[in-house]
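Morning, everyone. Let me put the model on the screen and then walk through it.

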Amino acid sequence: MLKMKRLALALCCFSLLAATAAAQDSMSGGQIMNKSLYERLGGEAALKGVVDDVVARAAADTRINAKFGKTDIPRLKFHLVKQLCAVTGGPCKDIKRTQEKIHHNLKITSGEFDAFVEDLVATLDKFNVPAPEKTELLGILGSLKSKVVEVPDSSATGTPLPDNFKPAKPLPPEKMTAEKLMDKKDQGMKKKP
Ligand code: HEM
């Protein structure tokens, strides 16, 4: 009888331990699942690395580099990091200007958008971004295609920058600090293009 009681007690303790371990597993699993894409990509430093690399690729890519001919590159990089930070769930507020306004009159074709995505894929591969994060990020950016592209029926690349395109004004360095990147007040984005 005593043996039976001991066995029952042992079984009971084992079940309790197993239940606790399972709960811990699902908790730590839950925490992993709850990590934002921003965190999983590696945060601000990783996004800066990605933006530096993809902008360098775009600048060297004759399929799209004409479009950047009048652009202030430090401003472009700063706002790209800020926007990527915001859309991946990071601690930044998304930039105020819409994609349509930002890209207005650049006359970007569907083919040029795809060329830019190819450059981005090369960058993500260079940094060994895992497949799930890569897919998630490309999904988010792909959903913006219709807002960026003004010539959707064309697969042409290397089309010129329209002569009357007016680039956004350069930002002073004090408006492009790490602090301003996280600033919820959306610095420097109030002026119209
Ligand atoms: C989903 C894809 C894209 C996103 C999220 C994106 C985002 C941005 C952002 C945040 C800016 C900075 C705006 C500012 O400083 O005010 C910008 C500017 C710019 N983007 Fe994009 N972009 C995308 C695709 C493209 C593509 C495919 C091209 C060309 C092939 C392009 C060409 C440009 C140019 C030339 C500027 C500078 C405009 C200026 O000088 O005022 N973008 N983009």
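One definition to begin: a crossing is left-handed if the near helix is turned anticlockwise from the far one by less than a right angle, and right-handed if clockwise. Now, two points on the source. This is a predicted model, where local features need pLDDT of at least 70, side-chain atom pairs count only at pLDDT 80 or more, and totals for chains, interfaces and linings use all residues. Residues are numbered from 1 along each chain as its sequence is written.

The overall picture. The protein has 9 helices and 0 strands. Helices here are DSSP runs of H or I with at least four residues, strands are runs of E with at least two, and numbering starts at the N terminus. Of the 193 residues, 18% count as buried. Buried means 20 or more other C-beta atoms within 10 Å of the residue's own, exposed means 12 or fewer, and partly exposed lies in between, with C-beta atoms placed from the backbone. Take contacts between residues at least 6 apart in sequence: 84% of them join residues at least 24 apart. A contact needs C-beta atoms, placed from the backbone, within 7 Å.

Next, packing. Two packed helices are described by the angle between their axes and the distance between the axes. Axes are lines fitted to C-alpha atoms, for helices over the stretch in contact, and angles run from 0 to 180 degrees between N-to-C directions.

Start with helix 3, residues 43-60, and helix 4, residues 73-87. They pack at about 135°, axes 9 Å apart. That makes helix 3 oblique to helix 4. The cut-offs: under 35 degrees is roughly parallel, over 145 roughly antiparallel, 65 to 115 roughly perpendicular, and the rest oblique. Which hand does the crossing have? Helix 3 passes helix 4 right-handed. Helix 3 brings E44, L47, K48, V51, D52 and V55 to the contact, and helix 4 brings I73, L76, K77, L80, V81, L84 and C85. By class that is 9 nonpolar, no polar and 4 charged residues. Nonpolar covers Ala, Val, Leu, Ile, Met, Phe, Trp, Tyr, Cys and Pro; charged covers Asp, Glu, Lys and Arg; the others, Gly among them, are polar.

Look at D52, in helix 3. It has 14 C-beta neighbours inside 10 Å, so D52 counts as partly exposed.

The angle is about 135°, and the axes are 9 Å apart. That makes helix 3 oblique to helix 6. This crossing is right-handed. V50, D53, V54, R57 and A58 of helix 3 meet F116, D119, L120, A122, T123 and K126 of helix 6. The classes are 6 nonpolar, 1 polar and 4 charged.

Now the ligand. The shell has 23 residues, and the closest are T71, H79, F116, P167 and A168. A residue belongs if its C-beta atom, placed from the backbone, lies within 6 Å of the molecule. Which helix gives the most? Helix 4, with 5 residues. The shell divides into 15 nonpolar, 4 polar and 4 charged.

Last, backbone. Most residues other than glycine have a negative phi. N105 has a positive phi, near 70°. N128 has one of about 55°. N128 sits in the loop between helix 6 and helix 7.

Key
Two residues are in contact if their C-beta atoms, placed from the backbone, lie within 7 Å.
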